[in-house]
Structure formats: C-alpha cells, structure tokens
Amino acid sequence: MNSFNPDSVSIDRSSFIGGEFAATGGTAIGVFRPSDGHLACEFREATADCVDRAVESARSALRVSGWSDIAPRQRAAVMRHWASLVDEHRVELARLESLCSSRPIAETMGRDLPVVAELLRFYAECADKSPGEVFDTARGILSFTQHEPYGVVAAITPWNVPLLLATAKFAPALAAGNAVVLKPSELTPFAILRIAALGVRAGVPPGLFNVLIGSGAITGNALVRHPGVGYVTFTGSTQTGVTVMCEAAQHGIKPVSLELGGKSPQLVFDDAPDVAELASLVAASLTRNSGQICFCGSRLIVQRGIADELIARVLDEVRAVQAGPTWHEATTLPPIISADQANRIDAIVKRAKDAGAQTLVGGKRFEHKGGQFFEPTVLTGMDSTNDAVRSEIFGPVLTVQVFDDYDEGLALAAHPTYGLAAGVHTRDIDKALASAREIEAGTVWVNTYGRGNDVVSPFGGFKQSGFGKDFGLAAFDKYRRIKNLYIRADRDQRRTAPRA
Ligand code: NAD
C-alpha cells in the first residue's frame, strides 16, 4: 500500500538559505539511490561563502524576528503548526526520506515521520515549561537564573536515520530560541530540505533555519569554524567527532555535544523472559536498517543454559528477512548505504573469519537490482580481541559469545572504548539493576531493546560514544545558557532609613 515508484518523486536540488532554495556554486556532488545505484540528482556543494551567507541570514533572522525574545508560547505555536504540516505531508516526506537512504518506506511512514512530528510537538511544549530558579539569599538580595539561547547553533547529522536525527537537534534548538544552520549528510538531503520549506510555511521566520548541502570536509568544516556559530551539535562517527571537537575548540571554544558510534551488547541471562520474543528483538536489532543503527545490539552475550535455543530462534528470524529496495513496502532488509560501506563490512567479516570466527548464517555481500546488500550474518567462536567484536561494523552482523557466570557475562559486555547503549535480559530485578549499574553506557534497556517511538527519554553515550543528550528535556536544556542575575535590592531603602 505504501510502495512507490522512485522515479515519480519530486526533489529539491539546492541548499535552503534565508527561507528559500538558493544557488550555491561549489563542486557537483552526486546523490545516489542506494536501492538501485541510480543517480538521483547533483547538488552544487555549499562553499565557505555559502556558510557565511547561511550564518549571517540566521543572525539577521534572530535580530529581525526577535525569535529569542518573544513569549516562548509564540514559538510553541509555530512549532505545533509545523508539526501539523508534517502530518499533512507525511506521504511525500516519507518517500523523500526513503528515496536515497536505507530507510524502508514502511519504517519512514510508520515510525520516522510520526516521531518527527511528535518531536516538534514535544519541544513546542518544552518552550515555556522549564523556568529558571530563584535562590535563597540574604534579605535585600535577589539572585535568580534566566535561560538564554546561544544564538546560531550548527547541527551536523549522519545518513542512517537522517530526518529523525536531524529533527532531534533542530527542534529543541529552535524551541529554546536559537537559529539553526544544519548540514545533513550529503548522501541523504531530500526530506530535510522539504521540512525546512514547510517550517517557513508554518511561520518560522525566513533565515532562522537553514540547510546546507555539502561534504564534511568543505561545508561541515567551514560551519564548525565559523565565528558566528555559538554551539555545535554533532551526530556521526567517533573519528569525525574528534575532528569536530578539536575544530570547535580551536575556533572559539564553542560548546559541543557529540552523539557518536557504539558497539552495544545484549546481555542475556538464563532466566530471560520469553525466549521467542527475545529472539525477535535480537534479530530485529541486527536487521533493522540492515544494522546501520548507532545502538544496534550487535554483540549477543548469552548464558550457556539458554544459548542454543536463543541462537536457533535468532537464525530462523534472520533467514525470514526480505531484501529489497526502500520503496517496497515488504522490504525488511534494506540496502547498505554505499559500495564503500559494503566493502568495509565485508573486510571486517573476512578478517573475523581469518582469525577463527565461524559463520552460523550469512557472511556475504550481494547485489540486488543495482543495490549493495549484506546478508544478515551471525558469527561465533571469537574472543573479545576479534575485530568483529571490537569495531563498530554498521551492518547486519551479530557476534555471539557464550558465558557461564554473572562476572564472566559482565566482563564480556564491557567495551574498552564505546559506551552508547546495552540490553540486559533477566527476570531477576536485582540482577538487572546490578548489571545496569556495572555497564558503562548512556542507556541500558532491560527486557526490551531500542527506542521505539519514544521522544521523552534522553539518549546519548558515555566514553568514546560521546557526551550530551539528544531527545527528552535534556536536549532542550543543552541549547540554553544559564545567566545568573544577582540584584542588591535594599540600597535605596538603607540610604533613606532613619538613623538610630
Ligand atoms: P560521519 O562521521 O562520516 O559523518 C557524519 C556527518 O559529519 C556528515 O554530515 C558528514 O558530512 C559530516 N562530517 C564529516 N567530516 C566532517 C568534518 N571534518 N567536519 C564537519 N563535519 C564533518 O558519520 P556517518 O557515516 O554519516 O554516520 C555513521 C556514524 O554515525 C556511525 O558511527 C554511527 O554510530 C554514528 N551515529 C551515532 C548516533 C548516536 O546517537 N550516537 C546516531 C546515528 C549515527
């Protein structure tokens, strides 16, 4: 019912600056459909001059519109209207999102677009619900805090769940009174451009929200360095996060928040509830978006008593997936985003096998009607030094390690560098709480895995998975500075007080 013809989708072909689609004039960048390898369009990359224009138009929109000074409820009204336009245009936006990404249409229609609208509504609600504090001080002193926006927020986002992850940044930043210049991944620009145009229709002042299409090295780098940017919010790989943090420090000591890579464990004890349901969760975590999810539960760490049954069920589940293009409703195994990424997955799996791993299912890349795919792959027989266990693969590859006792399970679940998320499966609440405390990760799911449609709970990693949260009230707060006003209020009274 939701399937569509990719050639019938109308796309916007330039960056969005100052409230309109604008010529940029850099080198040509091709955007390809990963499902069939077709060139969807060529963009002119946004150069450093375009970054200047976008940041200046954001600053001017802030000045002219008074966006940060109006009553927060007025900002909220605009954002609620924007959310209703997103609902109205759901089909068109979902198709734009699926066209050049790895997001199947069933997921963009059923999850991504509803969550995008909900994020706009959630942050609209936050706009006036989180006031400053008044402090207990000496009589005659009034000390309180006010929140102020940073000004222009630079947001840089990845290709894997493009629209939803971008909205998780621009919605709270705008609701908090900032302007935003967003650089989405150059591989997946279409839906976010259309959302920006809908924002202007909803009443977002032209120039307050700009979208620049270009590479990380040119557009992203110029944006992070720009002196007019007050805050940098980034989601992407740990390697790029390091560069972004260094550049932000060297060009203005700008505050940054970093949502980076992960290698998340699913720790399953013998007393896990409902093995059939658990097998579906583990398999879905592996195959959804073909494993191209930051919190993909790609390390199954399972206690011996339940291991054979769980693994057999996971294998049954992953064998049932249906590879296909993102525009087919029935697709449950979408393409890998690019040939480079498919090569990288292939190389890691080959190295794992060379180092002694056995393949229980899958293990190979394949081409399907011009798209690059990778078979859902389950590897076993490895220790924690194996590359497949340590490196973020960002593909449908699950490693399995079996343990005997609690301490061994916890030791296997630990990762030397990443700390994004983890799953713990047990009926024993004491064991669940104790292991959740032990595991160094920003999120621990117990007897479930993944965020579903949740916009309320904060998400973000520990260690080299980054710092700062997206989603929830925490994300709204990070786009506001705290100013303390300390007022001596008794001065005149003391001057006029009668002398004793
Ligand atoms: P990436 O780091 O290659 O690119 C991310 C973004 O940064 C893109 O827009 C890219 O153009 C830009 N960029 C690249 N170099 C830059 C530079 N020097 N300066 C400024 N910007 C630059 O990541 P990707 O391949 O797009 O995404 C996959 C990665 O993102 C994975 O590691 C995944 O775990 C991570 N991710 C993390 C989360 C999270 O919430 N923690 C969510 C999704 C994806």
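This is a predicted model: local features need pLDDT of at least 70, side-chain atom pairs count only at pLDDT 80 or more; totals for chains, interfaces and linings use all residues.
Hi everyone. Let me start with a term: a polar contact is a pair of N or O atoms within 3.5 Å.

Let's begin at the ligand. In Trp159, a polar side-chain atom sits 2.9 Å from an oxygen atom of the ligand. Glu186 also places a polar side-chain atom 2.9 Å from a ligand oxygen. Then there is Glu392, where an N or O atom of the side chain is 2.5 Å from an oxygen atom of the ligand. With the cut-off at 3.5 Å, each of these pairs therefore counts as a polar contact.

How much of the ligand does the protein bury? On its own the ligand exposes 850 Å², and the protein buries 87% of that. Which elements give two or more residues to the shell around it? They are helix α7 (216–225), strand β10 (231–235) and helix α8 (238–250).

Now for the shell as a whole. In total, 28 residues surround the ligand. Sorted by class, the shell holds twelve nonpolar residues, twelve polar ones and four charged ones.

Let's zoom out to the chain. It is divided into domain 1, residues 6–260 plus 465–484, and domain 2, residues 265–446. Their C-alpha centres are 31 Å apart. Across the boundary, 25 residues of domain 1 are in contact with 27 residues of domain 2. So where does the ligand lie relative to these domains? Both domain 1 and domain 2 contribute residues to the shell, so the ligand lies between them.

Last stop: backbone angles. Most residues other than glycine have a negative phi. Here are two residues to look at with that in mind.

Ser290 has a positive phi, near 50°, and is not a glycine. You'll find Ser290 in the loop between α9 (275–287) and β13 (299–303). Is Ser290 buried or exposed? Its relative accessibility is 0%, so Ser290 counts as buried.

Lys463 has a positive phi too, about 50°, and again this is not a glycine. Lys463 belongs to strand β22, residues 462–463. Because its relative accessibility is 33%, Lys463 counts as partly exposed.

Methods:
Residues are numbered from 1 along each chain as its sequence is written. Side-chain values use heavy atoms; hydrogens and water are left out. A residue is near a molecule or strand if one of its heavy atoms lies within 4 Å of it. A polar contact is a pair of N or O atoms within 3.5 Å; within protein, one must be able to donate a hydrogen and the other to accept it, and residues adjacent in sequence count only if both atoms are side-chain atoms. Accessible areas come from the Shrake-Rupley method with a 1.4 Å probe; for residues, only the protein chains shown count as cover. Helices (H or I, at least four residues) and strands (E, at least two) are DSSP runs, numbered from the N terminus. Ala, Val, Leu, Ile, Met, Phe, Trp, Tyr, Cys and Pro count as nonpolar, Asp, Glu, Lys and Arg as charged, and the others, Gly among them, as polar. Domain bounds come from an automatic or database domain assignment. Buried means under 20% relative accessible area, exposed over 50%, partly exposed in between (1.4 Å probe, protein chains only). Contact means heavy atoms within 4.5 Å.
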